[in-house]
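Visitor: Please show me the structure. I would like a short tour.

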Amino acid sequence: MTTKLFGEPVQRREDRRLITGQGRYVDDLGGNALAAAFVRSPHAHARIRDIDVSAALDVDGLVAIYTWEDLPERVRDPLPLLIPHPALTHGRTAYPLAREIVRHVGEPVVMVVARDRYLAEDAAALIEVEYEFLKPVVGIEEAAQGAHLVHEDVPGNVGAHLVQEVPSPQGRSAGEAIDAAPHTLSFRLDFERSASMPLEGRGVYARWDADDRSLRVFSSTQTSTSVRMAIAAKLGLPLPSVEVIAPDVGGGFGVKIVHPWPEEVLVPWAAMLLGQEVKWTEDRREHFISSAHERGQVQHVRVGFDDEGHILGLEVTILHDHGAYTPYGIIVPIITSTQLLGPYRIGAYRVEFSSIYTNTVQVTPYRGAGRPQGVFCMERTMDRVAAHLGLDRAQVRAANFIQPDEFPFDQGLIFQDGRPLIYDSGDYPESLRMIKELIGWDGFAALKAEAAAEGRRLGIGLACYVEGTGVGPYEGGHVQVTSDGRVHVSTGLTSQGQGHETVFAQIAASELGVPLDSVSVVTGDTRRFGYAVGTFASRAAVMSGNAIALACRKVRDKALRIAGEALEADPRDLEIEDGVVRVAGNPGASIPLATVAVLSNPLRYAFDEETKRATQFTGVASMDRPPVDEGDEPGLEGRDYYSPVRSTFASGMHAAIVETDPDTAEIRILRYAVVHDCGNLINPMIVEGQIHGGVAQGVGGALYERMVYDGHGQLLNASFMDFLMPYATEVPFIETAHLETPSPLNPLGIKGAGEAGVIPVSAVIASAVEDAEGITIDRMPISPSELYELRDRPRS
């Protein structure tokens, strides 16, 4: 690096615009567009007998009403199953508008387009749908019994079934290793449903140009390039005729990685058909009942271990609730089953999961994406082992750690990217030392005794995790230096608040030796960069960051070559600092990078004094070579892609001290500490912000957030009146420390950080509450009322 920007806690550049109300979101656009609204099913499982739209036809301002029968071929087909897998034997996806049967409350049945949203909603309210009720299947265990089916052609409601096994070094199966172990335990764990709640819901705005047959779509999405490809395929348009732009996106957290949503197909289709702009913005109830949820699992654990707490064998059977449809495949339970192992070397491991259909909202990744469930399982197991043996919980974890000299470490499983689960780097013993010191682990017993003497109940908890980040297949970056010396960076992935504008500018400025203020960054606009995968799985910095660095290196090499010709110097003797190319050790022999950009583009015409330098009669060009060499291109710009052989693996450890009220059972977090290792840090302040935001969501998942369905498949808390989230007053101050073990898999040595904060929080809080109360905690989230009831049950 030629500057110190990489690794510096640079202030986020995008914040001033966003916090002063100058953000540009989907609903800020298309003020004159027609508005769409949807009639959604009030029933969890029913057959559509008739749709009567006659009363709605008299609404002034009504433009169109569409049911499934009105949709053309392609548009009317089921939405794509985005990630097929051999174990997903009965994958099912929804129709854009329901055909014959609805399978969850909130499924879209009719689309209404009117002059404005108010009129569209008025018309939708007048449409009468006659339903024949069918028995809803609600709850994992009811669904697994298979007495009633969500899809008539899916036996037992089982969409997918997968087993992965790793034998012990002695060749024993997990079952054999457990049977032969000195100690064994068996228990059940439950993790309830939750959902992401971005400030901005989903939104789509489409414009059709009939003259050149081009479509421009603005979507609040985490994957603009994939939405573009999906729309082109569904509407039968050539890919170059479709542009998709993600403007400012007010949070994603996974729900906006799903694509195409029905609305992302129907709104552009209506715009084409009507020849007018059309827009739809999700309201909050729609988000609750018609987007996506996550987390719901039942886990059965059987573990064998020795007197020191070494895990000799582990068997886990998981029932995963994937809701009514599987548009995103079985990524969540795959991640749970593989990331469950965390930083540990397990003697033998067998994991089996069944992914089950229920008449509830579909399940797709939510920040953490299956990892919170896996970490909860493994860390609760470690605590159970420690309690059984009467050992310190940290000691049992340390006994099972993979050691620093064992990397790369192959866990013997296949990860969510279809690649081997091989950890690239880490230092788990050092992370444990750091977290114990940060939280005051060794001195806590005295603190707890002190509090107990005052009638207070304190507990301490610990949890470790490993997170697969930087999932492929690729991302790209384009970098251009213009004749004013500015650097323009573009990448195809999108941003939802992660600080990409800052971090990618830091990488470019560091690689090119230019001031940070001279770098601009564009993300999520297919007009600027057409090939990308998307923002999810803590992959943006690893994937686009490295792609941008590689593109910058191409630009740098070309700049040094051109400057070397101008300065009559060997490019190897040149350096770039503060936007000036100079001979090392001879500052007088220099040329601005802006001038190099001018010289890179041979011109016939001069547009200003600076561009005169690149015209034909300046005497600069060699008469023995063409103005643009064979294999070269005009301009000072470069494009490159980064495609990893496999994922990188970040890691971390969290610890917390909680207090539980003896009378009300209220749970209060007194201290929270995090040690995180995401390789080389690009911007420590942004990483800490990501961790803090993740911990806040994790606190919600541990103590507040849950989706409550009744037996009829009705979501009982589909509003912020009833769905609880923590306020700032419930989120503790978070003490953070960083460990940097660089990844050997990518040029920058970085790993992802976006989801890390949320992953172990439920496990940490469960451990701490259990320590405070002496009561086994085997399901999350936990409320004061639930803790109060647990106090009256027999102690296990």
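Guide: A polar contact is a pair of N or O atoms within 3.5 Å; within protein, one must be able to donate a hydrogen and the other to accept it, and residues adjacent in sequence count only if both atoms are side-chain atoms. This is a predicted model: local features need pLDDT of at least 70, side-chain atom pairs count only at pLDDT 80 or more, and totals for chains, interfaces and linings use all residues. Residues are numbered from 1 along each chain as its sequence is written, and side-chain values use heavy atoms, with hydrogens and water left out.

Visitor: With which side chain does the side chain of S538 make a polar contact?
Guide: S538 sits in the loop between β21 (519-523) and α14 (540-567); helices (H or I, at least four residues) and strands (E, at least two) are DSSP runs, numbered from the N terminus. Its side chain also reaches the backbone nitrogen of G754 at 3.4 Å. The side-chain partner, at 2.5 Å, is E467.

Visitor: Is S538 buried or exposed?
Guide: Buried means under 20% relative accessible area, exposed over 50%, and partly exposed in between (1.4 Å probe, protein chains only). S538 has 10% relative accessibility, so it counts as buried.

Visitor: Is E633 buried or exposed?
Guide: E633 lies in the loop between α15 (593-599) and β25 (636-642). Leaving aside neighbours within four places in sequence, it is in contact (heavy atoms within 4.5 Å) with K558, S600 and V628. Its relative accessible area is 55%, so E633 is exposed.

Visitor: Which side chain does D248 join in a polar contact of 2.5 Å?
Guide: D248 lies in the loop between β11 (242-245) and α6 (262-274). It counts as buried because its relative accessibility is 17%. Its side chain reaches the backbone nitrogen of R24 at 2.7 Å. The side chain joined at 2.5 Å belongs to R17.

Visitor: Which residue in β5 stands opposite Y66?
Guide: Four bridges join β3 to β5 (residues 108-114), and the two run antiparallel. Opposite Y66 stands M111.

Visitor: How many residues of helix α8 are buried?
Guide: Helix α8 covers residues 331-339. Among its buried residues are I331, P333 and Q339.

Visitor: How many residues has the largest nonpolar core?
Guide: A nonpolar core is a set of buried Ala, Val, Leu, Ile, Met, Phe, Trp, Tyr and Cys residues joined through side-chain atoms within 4.5 Å. L314, Y349, Y423, Y672 and I765 have the most contacts inside the largest one. Beyond its neighbours within four places in sequence, I765 is in contact with residues including V658, Y672 and M780. The largest core has 111 residues.

Visitor: How many residues are in the second, separate core?
Guide: This core includes L493, A547, L748 and I750. Its count is 47 residues.

Technical notes:
Pairing = 2+ DSSP bridges.
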